[in-house]
2 protein chains.
Amino acid sequence: MTVRPFLHPAIEDITVESLLHALSDPVRVAIYANIVAQDCAQNCSTFLHVLNRPIPKSTLSQHFRILRESGLIHSERHGVEVRNTSRCAEVDARFPGLMASIVKAHMIELEQAAAKKIPARHSAKSTTKRSPRSA
Amino acid sequence: MTVRPFLHPAIEDITVESLLHALSDPVRVAIYANIVAQDCAQNCSTFLHVLNRPIPKSTLSQHFRILRESGLIHSERHGVEVRNTSRCAEVDARFPGLMASIVKAHMIELEQAAAKKIPARHSAKSTTKRSPRSA
DNA sequence: TCAATAGTTCGTATTTTCGGAACTATTGAA
DNA sequence: TTCAATAGTTCCGAAAATACGAACTATTGA
């Protein structure tokens, strides 16, 4: 079987739904954040180990397809490898501020998680409360 | 079987991942947008018909659970019905600007979709392009 | 020509989601 | 009080999406 060509949606076909779906998975968020942060293209195998665990090649390939087909990244074959760059300028032109606020929100969450691991000064106790009138 | 009480995450337990997952479904987005837009609580059965199609009660119940457990809405039993309000003030306190930018992006998308249905002035042809170096 | 590398595709197992049917809880009559 | 109506939940089987090992393809550099 031949390798199918990459499909990249045109800017005007990018949907909020698919962007949010693409970023609702922690592995994909980690990959996307890394691609955005680096200023040179990243190949897929850079991410065979992410979030402190190994990701199988086949799974990784699917994650890249989802990121690509949502419009978040652009993939290009260069010889034996695939180089990925973010399409954040395009996405930002279509949905101004969206990606920035999502990335910012992730950073807030990561900072909080880091703060919790350090001795815990005030220990903002993480409770799951119940609705007063339920039950 | 007794009805389980509603579970609402505490603010600090709300994660970006679950927020994005909750909003990566068009029915849930429609429900959430409506709840945010109204200034009084909405009961579930308001949404038995959404996006021009009927939603089965059992499915609707699951959608509400996902919105609730992601932290986007607060549900409270009032007699025979359940009243839902958005928790956007809380969510905005935790992740400033996030929800606003997502709602704004959805509005941009809806405007574009509406513009396409009107006779199509320039007919921004919606193409799915291929990567130049692939194939 | 061949081995190594990078990634894709296939097929199966697991997980998630959908939706009909049966159920629970509350209310407002009769 | 009983009873029907209403609002929603839960159960469970079907369908769809996801995960990942194994086999494959394509490119490159001995």
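User: Which residues touch the most other members of the largest nonpolar core?

Analyst: The model is predicted: local features need pLDDT of at least 70, side-chain atom pairs count only at pLDDT 80 or more, and totals for chains, interfaces and linings use all residues. Residues are numbered from 1 along each chain as its sequence is written, chains are lettered from A and ligands numbered from 1 in the order written, and side-chain values use heavy atoms, without hydrogens and water. A nonpolar core is a set of buried (under 20% relative accessible area, 1.4 Å probe, protein chains only) Ala, Val, Leu, Ile, Met, Phe, Trp, Tyr and Cys residues joined through side-chain atoms within 4.5 Å. The largest has 50 residues, and those touching the most other members are Leu72(A), Met99(A), Leu72(B) and Met99(B).

User: Which helices of chain A each supply at least two residues of this core?

Analyst: Helices are DSSP runs of H or I, at least four residues, and strands are E runs of at least two, numbered from the N terminus. Chain B contributes α1, α2, α3 and α5. From chain A come α1 (16-22), α2 (26-37), α3 (57-70) and α5 (98-117).

User: Is Gln112(A) buried or exposed?

Analyst: Gln112(A) lies in helix α5 of chain A. Its relative accessibility is 19%, so Gln112(A) counts as buried.

User: What does Gln112(A) touch in chain B?

Analyst: Contact means heavy atoms within 4.5 Å. Leaving out residues up to four places away in sequence, Gln112(A) touches Glu12(B) and Arg94(B).

User: How many helices and strands has chain A?

Analyst: From the N terminus, the elements run β-α-α-β-β-β-α-β-β-α-α-β. That chain has five helices and seven strands.
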